[in-house]
Amino acid sequence: MDIKGSQKIKAPRAQVFAALLNPEVLKESIPGCESAKVVDTPEGQQLKMKISPNFPGFKGPYMVPLRTGEVVAPSRVVLLADPSSSVGSVKAICTVDLTEEAANVTILNYNAHADIEGKIAATPEIILKGAVKVALDQFFKNF
């Protein structure tokens, strides 16, 4: 499944970049996120989030590990997630590019790809994409 989009954010690029890596901002922005904390793992630090999505049949809560791949401050960050549960697993990568349109206006472009397995993969892609789109719209409204 591939999803891409763009958002105009009324904030300086450096502030938007910092917010994308701030657990408290992400906790307040991600729909259904109950907690977000940074933990040390053998692979390095990652953000562990507890999320209870509001999608029929996928109530949760789910533990979602999020880590960074490539980080080029303040213009790019690659986010990696690979949650799994009894309903299946997702291996996702999202590249976020930030460009400054004006002094206090940042354009955020995202390009995400997810490989889905298990019961969740049986859900038609049009339904999954619709649910993700609703969640993304809410995320950017909160962000």
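Trainee: By class, how many nonpolar, polar and charged residues does the lining of the largest pocket have?
Mentor: Keep in mind that this is a predicted model. The largest pocket holds about 1,500 Å³ of space, and 50 residues line it, with Ile30, Ile51, Val64, Val132 and Ala135 closest to its centre. Sorted by class, that lining comes out as 40 nonpolar, nine polar and one charged.

Trainee: Which element gives the largest share of the lining of the largest pocket?
Mentor: Several elements give two or more residues, including β1 (2-9), β3 (44-51), β4 (62-72), β7, β8 and α3. The top contribution is 10 residues, and the element behind it is α3.

Trainee: What about the second largest pocket: by class, what does its lining have?
Mentor: This one has about 200 Å³ of space. Its lining includes Leu20, Pro23, Gln45 and Arg67, and α2 (23-29), β3 and β4 each supply at least two residues. By class you get eight nonpolar, three polar and one charged.

Trainee: Is Ser89 buried or exposed?
Mentor: Ser89 sits in strand β7 (residues 88-102). Beyond its neighbours within four places in sequence, Ser89 touches Pro83, Ser84, Asp115, Ile116, Glu117 and Ile120. Its relative accessible area is 18%, and the cut-off is under 20%, so Ser89 counts as buried.

Technical notes
Residues are numbered from 1 along each chain as its sequence is written. This is a predicted model: local features need pLDDT of at least 70, side-chain atom pairs count only at pLDDT 80 or more; totals for chains, interfaces and linings use all residues. Side-chain values use heavy atoms; hydrogens and water are left out. Helices (H or I, at least four residues) and strands (E, at least two) are DSSP runs, numbered from the N terminus. Buried means under 20% relative accessible area, exposed over 50%, partly exposed in between (1.4 Å probe, protein chains only). Contact means heavy atoms within 4.5 Å. On a 1 Å grid over the protein atoms alone, a cavity is a set of points where a 1.4 Å probe fits but cannot get out, and a pocket is an open set with protein on both sides within 12 Å along at least five of seven lines; lining residues have an atom within 4 Å of a point. Grid points are joined across faces, edges and corners, and a volume is the space filled by probe spheres set on the points. Ala, Val, Leu, Ile, Met, Phe, Trp, Tyr, Cys and Pro count as nonpolar, Asp, Glu, Lys and Arg as charged, and the others, Gly among them, as polar.
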